[in-house]
Amino acid sequence: MKDIVSKRFKYIIAILFVFFSGISYSQALHLYGGKKHDVYLGCLNCSSYDSNSIWNSYGTYGSKYNDYSPWNRYSNNPPVVVDKEGNFYGYFSVNKYQSKRFESPLGLIIYEYYEEIREDVGEWYEEIFD
């Protein structure tokens, strides 16, 4: 029973991801980290097969203990979300108190379920973006 509820829950979340990501952003969004936000971390909404994707299972992306990671709830230096023209969309952070936090529907869902997503990136990515 728990597996059925879990699969239904993932399905609902996937539908929300697809809906909001398709409406919100027709272009690739990129994450930059480091003290001056000059370190490229990867693409937020690219295919999991893209070598620059944060969803690529062979890529490295953040630790919940690193001050520059979006997964650190106490970070003061999270990555920024920008498009290819450099337009700023906000700071990508699970820290709810981060000023100018990236709070699109897609971002809020990722923040809420990032631990589950990290456990099975491939499955979540395929449900969300494919």
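## Disulfide and aromatic pairs

The structure, a predicted model, holds one disulfide. A disulfide is a covalent bond that joins the sulfur atoms of two cysteines. Here the partners are Cys 43 and Cys 46, whose sulfur atoms are 1.9 Å apart. The torsion about their S-S bond is about 75 degrees, so the disulfide is right-handed. Cys 43 counts as buried at 0% relative accessibility, and Cys 46 counts as buried at 13%.

Aromatic rings form a further topic. A search of the whole structure finds six aromatic pairs. In one of them, Trp 71 and Tyr 114, the ring planes are at 5 degrees; because planes under 30 degrees apart count as stacked, this pair is stacked. The pair links distant parts of the chain, 43 residues apart: Trp 71 is in the loop between strand S2 (39–43) and strand S3 (80–83), while Tyr 114 is in helix H2 (residues 105–119). Both Trp 71 and Tyr 114 are buried.

Another pair, Phe 92 and Phe 102, is tilted, since its planes are at 55 degrees. Both residues lie in the loop between S4 (88–91) and H2, so the pair ties together parts that are 10 residues apart in sequence. Phe 92 is buried, with a relative accessible area of 0%, and Phe 102 is buried as well, with 1%.

The table sets out the geometry of these two pairs.

| Ring pair | Distance between centres | Angle between planes |
|---|---|---|
| Trp 71 and Tyr 114 | 4.6 Å | 5 degrees |
| Phe 92 and Phe 102 | 6.3 Å | 55 degrees |

Key
Residues are numbered from 1 along each chain as its sequence is written. This is a predicted model: local features need pLDDT of at least 70, side-chain atom pairs count only at pLDDT 80 or more; totals for chains, interfaces and linings use all residues. Side-chain values use heavy atoms; hydrogens and water are left out. Rings of Phe, Tyr and Trp (its six-membered ring) pair if their centres lie within 6.5 Å; planes under 30 degrees apart count as stacked, over 60 as edge-to-face and the rest as tilted. Helices (H or I, at least four residues) and strands (E, at least two) are DSSP runs, numbered from the N terminus. Buried means under 20% relative accessible area, exposed over 50%, partly exposed in between (1.4 Å probe, protein chains only). A disulfide is a pair of cysteine sulfur atoms within 2.5 Å.
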